[in-house]
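Hi,

Here is the structure for you to look at. My notes on its aromatic rings follow below.

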Amino acid sequence: MSGARTPSAVAAVAFAVAVGTALLAGCSDGKASAAPELPPSTCFGVFTPAELEPFMGTGDEARVDSPGDLGLTASRTKAICNIDVDGKPRWTASAERRPAGQEVSWGSEVEKHDPDELPYAGNSRLWDSGAAVVLGCTGPTETFDLTLFIDAVPDGLKPEQRRPAFAALMKKFMESAKQQTRCGA
């Protein structure tokens, strides 16, 4: 019979399925093998779980500490989003509204990474684990500078993928931050 399965064939299929499931679940070494689940949108409503997954590593629980938006004003000048996985920092994004024209010092922590400038923003830095930019903004009633910063653990990306990934995420962050802070309004 060509369609019948012998008891040993059924047992072999069941064993293969059980082994495959155990490997996918990470049971082979007792450690989690997948990134923990993130909310549908996070960090000021800017980033999706798929965009952040390469930075989450593996673990059981992600903790997101972030305001819901970037509605920065003269009185609310800073917003920070931190994501930890099992208590370890994995992702930070921040925005700060500052008086227009203040001098920017990137500091040795950024400069030691041999940064490039972002191809679409003049006052910026791009390195293998992050990006930063300062935007000059004209709001409805005043001018101000907006400093945006991303820093993460990119171990889910190959080295050649890191700077392009951070450049793309910063571009999205810039567009959303301009809207939310009324930069250019």
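F44, F47, F55, W91, F166 and F173 are linked into a cluster by ring pairs. Rings of Phe, Tyr and Trp (its six-membered ring) pair if their centres lie within 6.5 Å. This is a predicted model: local features need pLDDT of at least 70, side-chain atom pairs count only at pLDDT 80 or more, and totals for chains, interfaces and linings use all residues. Residues are numbered from 1 along each chain as its sequence is written, and side-chain values use heavy atoms, with hydrogens and water left out.

The structure holds six aromatic pairs. One of them is F44 with F173, which is stacked (planes under 30 degrees apart; over 60 is edge-to-face, the rest tilted). Their centres are 5.9 Å apart, with 5° between the planes. F44 lies in the loop between α1 (7–25) and α2 (49–56), and F173 lies in helix α4 (residues 159–181), so the pair ties together parts 129 residues apart in sequence. Helices (H or I, at least four residues) are DSSP runs, numbered from the N terminus.

F44 is buried at 2% relative accessible area, and F173 is buried at 0%. Buried means under 20%, exposed over 50%, partly exposed in between (1.4 Å probe, protein chains only).

F55 and F166 form a tilted pair: 5.2 Å centre to centre, 45° between the planes. F55 lies in helix α2 and F166 in helix α4, so this pair ties together parts 111 residues apart in sequence. Both F55 and F166 are buried.

Now the charges. The charged end of R97 sits over the ring of F144, 3.9 Å from its centre. That label needs CZ of Arg or NZ of Lys within 6 Å of the ring centre and within 35 degrees of the ring normal. K171 lies over the face of Y120, 5.3 Å from the ring centre.

Best wishes

Definitions and conventions: Helices (H or I, at least four residues) and strands (E, at least two) are DSSP runs, numbered from the N terminus.
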